[in-house]
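Colleague: Before I use this model I would like to go through the words attached to it. Please give me the value and the cut-off behind each one.

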Amino acid sequence: MKTLILYATKYGAAAEIARRIAIQIDGAILHDLKQKSIPEVSEFDCVIIGSSLYVASIRKEAKTFLSEYEITLRDKLIGLFISGLDTESTPQTYFENNFPQELLSAAKATCFPGGIYDPEKAGWFERFLMKAVKKTTAYSNTIDDSLIKQFTESMKS
Ligand SMILES: Cc1cc2nc3c(=O)[nH]c(=O)nc-3n(C[C@H](O)[C@H](O)[C@H](O)COP(=O)(O)O)c2cc1C
């Protein structure tokens, strides 16, 4: 099955998750949605789309892709992932608020495997928000490989 993994990232956490998914799926092609030339989506059987979350919202590149390719995605096997650090809200709410309902209901699997916060990469306003909202100033990496494994197993089953 030809698999395309598209991701939107700011500092690399969603890219790292996409890479970890890709190594578990034979021949999967990885593509950063920041790059203009998206591979020919219609040629793939399976499309996995992921983004990081900023103030409860997926990145603009992911939203643009989802609206432009809504029809092309209808006959694909779909997987969705979100990278975020929230442990309090239900991940399902983030999926419902960020992905078209039709795509989300058709998705074979979804995954919220965690994220990375690196204060050395963040801008001053992001550091301010993290301190004010999350009460953290420290580096954090919560990516859970077992959740990524479960996701890829579901996609392949
Ligand atoms: C300003 C700011 C806002 C964030 N908002 C959220 C949020 O609403 N929910 C969440 O789960 N994580 C949130 N995060 C954590 C990021 O989603 C997490 O660090 C993610 O792994 C970053 O991925 P990226 O490097 O691919 O952009 C936020 C981080 C920052 C710096």
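This is a predicted model: local features need pLDDT of at least 70, side-chain atom pairs count only at pLDDT 80 or more; totals for chains, interfaces and linings use all residues.

**Terms and the values behind them**

Modeller: Take Ser57, which lies in strand S4.

Colleague: Why is Ser57 called partly exposed?

Modeller: Ser57 has 14 C-beta neighbours inside 10 Å. Buried needs 20 or more and exposed needs 12 or fewer, so Ser57, with 14, counts as partly exposed.

Colleague: What does Tyr54 count as, and on what number?

Modeller: Tyr54, in strand S3, counts as partly exposed with 13 C-beta neighbours inside 10 Å. The limit for exposed is 12 or fewer, so a count of 13 puts Tyr54 in the partly exposed class. Between the C-alpha atoms of Tyr54 and Ala107 there are 22 Å, at 53 residues apart in sequence.

Colleague: Is Ala8 buried or exposed, and how do you know?

Modeller: Ala8, which belongs to strand S1, has 23 C-beta neighbours inside 10 Å.

Colleague: Which residues is Ala8 in contact with, leaving aside its neighbours within four places in sequence?

Modeller: Ala14, Leu33, Ser51, Ser52, Ile58, Arg59, Glu61 and Ala62. A contact here requires C-beta atoms within 7 Å.

Colleague: Why is H5 called hardly covered?

Modeller: H5 has eleven residues, and the count of buried ones among them is zero. A buried residue would need 20 or more other C-beta atoms within 10 Å, so no residue of H5 reaches that number.

Colleague: Which residues of H1 are buried?

Modeller: Ala13, Ala14, Ile17, Ala18 and Ile21. They cover an arc of only 140° around the axis, so they lie on the same side of H1.

Colleague: Which residues come nearest to the ligand?

Modeller: Ala13, Ser52, Gly84, Asp86 and Gly115, out of 22 residues around the ligand. The shell divides into 13 nonpolar, six polar and three charged residues. Helix H1 (13-22), strand S3 (46-54), strand S7 (116-117) and helix H5 (124-134) each supply at least two of its residues.

Colleague: Which residues touch the most other members of the largest nonpolar core?

Modeller: Ile5 and Leu6, in a core of 35 residues. Elements that each supply at least two residues of this core include strand S1 (3-8), helix H2 (60-68) and helix H6 (145-156). Leu6 touches His31, Leu33, Val47, Ile49 and Phe65, not counting residues up to four places away in sequence.

Colleague: How do you know that the radius of gyration agrees with a compact globule?

Modeller: For 157 residues, a compact globule would have a radius of gyration near 15 Å; the protein has 15 Å, so the two agree. The C-alpha trace spans about 45 × 30 × 25 Å along its principal axes, and 31% of the residues count as buried.

Colleague: How many helices and strands does the protein have?

Modeller: Six helices and eight strands. Of the contacts with a separation of 6 or more, 77% are between residues 24 or more positions apart.

Methods:
Residues are numbered from 1 along each chain as its sequence is written. A residue is near a molecule or strand if its C-beta atom, placed from the backbone, lies within 6 Å of it. Helices (H or I, at least four residues) and strands (E, at least two) are DSSP runs, numbered from the N terminus. Ala, Val, Leu, Ile, Met, Phe, Trp, Tyr, Cys and Pro count as nonpolar, Asp, Glu, Lys and Arg as charged, and the others, Gly among them, as polar. The arc is that of the directions from the helix axis to the C-beta atoms. The radius of gyration is taken over C-alpha atoms; the globule rule is 2.2 Å times the number of residues to the power 0.38. Two residues are in contact if their C-beta atoms, placed from the backbone, lie within 7 Å. A nonpolar core is a set of buried Ala, Val, Leu, Ile, Met, Phe, Trp, Tyr and Cys residues joined through C-beta atoms within 7 Å.
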